Amino acid sequence: MKYWDTITERLPKEPIRWPNNARIAVLSLFDYQAEVGEWNFPDGTPNYGQITEASYGGRVGIWRLLDILDKHGVKATINTCGITAERYPESVQAIVERGHEIAGHTYTHRPQFLLPYKEEVEEIRKTVDAIKRITGARIVGWRCPIVQPSKNTLAILADEGFVWDGDFLNYDLPYMLDIGNKSLVEIPYTFSTDDFPFIYGAVRQDFGGFPGPRQTPSALFQLWKDEFDVLYAESAKTPKMFAFQQHPLIMGRAHRSLYYDRLLEYIKGHEGVWFARCNDVAQWWLKHYNAKQDFRTDKESGQPVDSSGRQRAAALVG
């Protein structure tokens, strides 16, 4: 499959192998923006219903979640906005000090697909600089707000020395993206395991705070568990990847954090689980699955095929 007719994907031949022959890689992912990018009212008045709800993620939620991760000895990937890092420097320093991966989520949390080329380059560079200045870490991974890159995003990331991107939603394993003579590891996930659309829905409110919760955290726990259970069962035949997405402003609330804690405990009860950060997965992929002979596509259609020769569907969801 091609994206914008300039970027080509390379999907792996299965089965693949994880470190120590793990059956499944588990990626606990966070988008950490806090109140950055929340909307004002049409007349410019700050919407404090949204701002204060979201700022809870930077004041309290991120710390509660970091403590849960420490309790279980699990390392996560936390995609962070540059302004968030500047407003909550102690939290991003703690992310790095506790061994988690910090990655980029823009500087201002503006939709990247709306930015002119030069402005998007500046947005990415300012994010890199802000996080490095505060934590000392040079980020190598990226996720766009609403997982919607522009036609330039992936080329800019490759040019700026990034290793992985996490914006696409169309596979259960990583794969390579070729952008000219450069490449990125794509680490996909799915909206169906993202706490934000599940709890609040995908439609923004122009007035008031966030919408009333659509679903309970216990229902989200069951969804995560079901997704993991299916992938884990399939991993008896071929290794799989389970990536699930959270936001400190949502799962950092006391009653919701209980179910994140329970999920980690449940997953830890299974053998052959590799809890990994995105860059751990990306580095493994680059080492073992970057050679072009490790990939194949159907020459006639350009679509990937499985070991039986049957064509697989590959669709960009966004």
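Among contacts in the chain between residues at least 6 apart in sequence, what percentage join residues at least 24 apart? The share is 70%, where contact means heavy atoms within 4.5 Å.

1. Ground rules. This is a predicted model, in which local features need pLDDT of at least 70 and side-chain atom pairs count only at pLDDT 80 or more, while totals for chains, interfaces and linings use all residues. Residues are numbered from 1 along each chain as its sequence is written, and side-chain values use heavy atoms, with hydrogens and water left out.

2. The chain as a whole. You'll find 10 helices and 11 strands here; these are DSSP runs numbered from the N terminus (helices H or I, at least four residues; strands E, at least two). Of the 318 residues, 54% count as buried, meaning under 20% relative accessible area with a 1.4 Å probe, protein chains only.

3. α1 against α9. The axes of α1 (residues 48-72) and α9 (residues 254-268) come within 10 Å and cross at roughly 25°. Axes here are lines fitted to C-alpha atoms over the stretch in contact, with angles from 0 to 180 degrees between N-to-C directions. The two helices are therefore roughly parallel (angles under 35 degrees), and the crossing is right-handed (the near helix is turned clockwise from the far one by less than a right angle). On the α1 side the contact includes Tyr-56, Leu-65 and Ile-68, and on the α9 side Ala-254, Tyr-260 and Leu-264. Its residues divide into seven nonpolar, two polar and five charged. For those classes, Ala, Val, Leu, Ile, Met, Phe, Trp, Tyr, Cys and Pro are nonpolar, Asp, Glu, Lys and Arg are charged, and the others, Gly among them, are polar.

4. α7 against α9. Helix α9 also has α7 (residues 217-234) alongside, with axes that come within 9 Å and cross at roughly 20°. So α7 and α9 are roughly parallel too, again with a right-handed crossing. Among the residues that meet are Phe-221, Trp-224 and Phe-228 in α7 and Tyr-259, Leu-263 and Tyr-266 in α9. By class, this contact has eight nonpolar, two polar and four charged residues.

5. Thr-106 sits in the loop between β5 (101-104) and α4 (117-135), yet it is buried, at a relative accessible area of 0%. A polar atom of its side chain lies 2.8 Å from the backbone nitrogen of His-109. Leaving aside neighbours within four places in sequence, Thr-106 is in contact with residues including Thr-80, Cys-81, Gly-82, Trp-142 and Pro-145.

Technical notes. Parallel < 35°, antiparallel > 145°, perpendicular 65-115°, else oblique. Buried < 20%, exposed > 50% of the residue type's maximum accessible area, 1.4 Å probe, protein only. Polar contact = N/O pair within 3.5 Å; in protein donor to acceptor, adjacent residues only side chain to side chain.
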